[in-house]
Amino acid sequence: THWISDRDPRFGGVCDASTPSLWKRKIICVAAKHFGMIKGFSEQELAKRREQLAKKREQLAFLEQGQQLIGEKGREKELISLANQALSIQPSAIGYFYRASAKSDLEDHQGAIDDYTKAIEIDSQNASYYFLRAFSKSDLEDYQGAITDYTKAIEIDSQNARYYFMRAVAKFILKDYEGSIADSTEAIDINPQDANFYNARAWVK
């Protein structure tokens, strides 16, 4: 998940540094934000900002390590530990997302739902968080709740065929066959090359 753009407008457009690592660019951005306006600051204020930057660097290091473990079987607890350390420094949507992903792989579906919810509270416009929370709700057979989340994901990103397809599956389980066919058709319209969408629609018919 690339949550940092090459030129992040949140930091005044200074994130187009030549540093190859996105994480290192983030640190450069934070440094620019914190130290680009230091004129007139007292030594105490500067020390505080340096401490904040050091903590941010530490947090990003934990997240960078965690990013490498997403989906790695047998390393879920390690990922949770890294996410916990990052979150202890400062809550972040990506930190909760990493922890939720690990919990989902460990079949702690309610724990995953709780963490996806926290990620959404921080970043409510990330469609993936709703989509993944819907998956965890389906694992707990809360198909209506899953449909609600798939619908929200579609509202944010209406061109993602997977969102319609998975909502079609949930509707099928709840015996909303017309709704399932309609969503399968939407998925086909967006991505007519995926045979799974045609198969799903044919199965419902």
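Visitor: What makes H8 and H10 roughly parallel to each other?

Guide: The angle between H8 and H10 is about 20°. Angles under 35 degrees count as roughly parallel, and therefore H8 and H10 get that label. The crossing of H8 and H10 is left-handed. On the H8 side, Ala161, Phe165 and Phe172 make the contact, while H10 brings Asn196, Phe197, Ala200, Trp203 and Val204.

Visitor: Why are H7 and H8 called roughly antiparallel?

Guide: Helix H7 (residues 143–156) packs against H8 at an angle of about 155°, with 9 Å between the axes. Angles over 145 degrees count as roughly antiparallel, so H7 and H8 are described that way. Here too the handedness is on record: H7 passes H8 in a left-handed crossing.

Visitor: Which residues of H7 and H8 make the contact?

Guide: From H7 come Tyr143, Ile147, Tyr150, Thr151, Ala153 and Ile154. From H8 come Tyr163, Tyr164, Met166, Arg167, Ala170, Lys171 and Ile173.

Visitor: Let's stay with Lys171. Why does Lys171 count as buried?

Guide: Lys171, found in helix H8, has a relative accessibility of 14%. Buried means under 20%, so Lys171 counts as buried. Leaving aside residues up to four places away in sequence, Lys171 touches Ile147, Asp176, Gly179, Ser180 and Asp183.

Visitor: How do you know that Lys171 forms a salt bridge with Asp183?

Guide: The closest N and O atoms of Lys171 and Asp183 are 3.1 Å apart. The cut-off for a salt bridge is within 4 Å, so the pair qualifies as a salt bridge. Lys171 lies in helix H8 and Asp183 in helix H9, so the pair ties together parts that are 12 residues apart in sequence. Both Lys171 and Asp183 are buried.

Visitor: What makes Arg167 and Asp183 a salt bridge?

Guide: The side chains of Arg167 and Asp183 meet at 2.7 Å, N to O, and the limit is 4 Å. The pair links distant parts of the chain: Arg167 belongs to helix H8 (residues 161–173) and Asp183 to helix H9 (residues 177–190), 16 residues apart. Arg167 is buried, as is Asp183.

Visitor: How many salt bridges are there in the whole structure?

Guide: A search of the whole structure finds 8. One of them joins Asp115 to Lys103, with the closest N and O atoms 3.1 Å apart. That pair also links distant parts of the chain, with Asp115 in helix H5 (residues 109–122) and Lys103 in helix H4 (residues 93–105), 12 residues apart. Asp115 and Lys103 are both buried. A network of salt bridges links Arg99, Lys103 and Asp115.

Visitor: Why is Leu79 called buried?

Guide: Leu79 has a relative accessible area of 2%. Since the cut-off for buried is under 20%, Leu79 is buried. Leu79 is found in helix H3 (residues 76–89). Not counting residues up to four places away in sequence, Leu79 touches Gly66, Leu69, Ile70, Tyr98 and Ala102. As for Gly95, it is 16 residues from Leu79 in sequence and 9.9 Å away in space, C-alpha to C-alpha.

Visitor: What pattern does the protein follow along the sequence?

Guide: The pattern is α-α-α-α-α-α-α-α-α-α, in keeping with 10 helices and 0 strands. Of the 205 residues in the protein, buried residues make up 42%. Among contacts with a separation of 6 or more, 40% come from residues 24 or more positions apart.

Visitor: What is the average pLDDT of the protein?

Guide: The protein averages a pLDDT of 84, and 80% of the residues score at least 70. Over residues 1–20, however, the pLDDT is below 50, although this stretch has 37 contacts in the model beyond near neighbours in sequence. Where pLDDT is low, the predicted coordinates should not be read in detail.

Terms used. Residues numbered from 1 in each chain as written. Heavy atoms only, no water. Helix = DSSP H or I, 4+ residues; strand = E, 2+ residues; numbered from the N terminus. Buried < 20%, exposed > 50% of the residue type's maximum accessible area, 1.4 Å probe, protein only. Contact = heavy atoms within 4.5 Å. pLDDT = per-residue confidence, 0-100. Axes fitted to C-alpha atoms, helices over the stretch in contact; angles between N-to-C directions. Parallel < 35°, antiparallel > 145°, perpendicular 65-115°, else oblique. Left-handed = near helix turned anticlockwise from the far one by under 90°.
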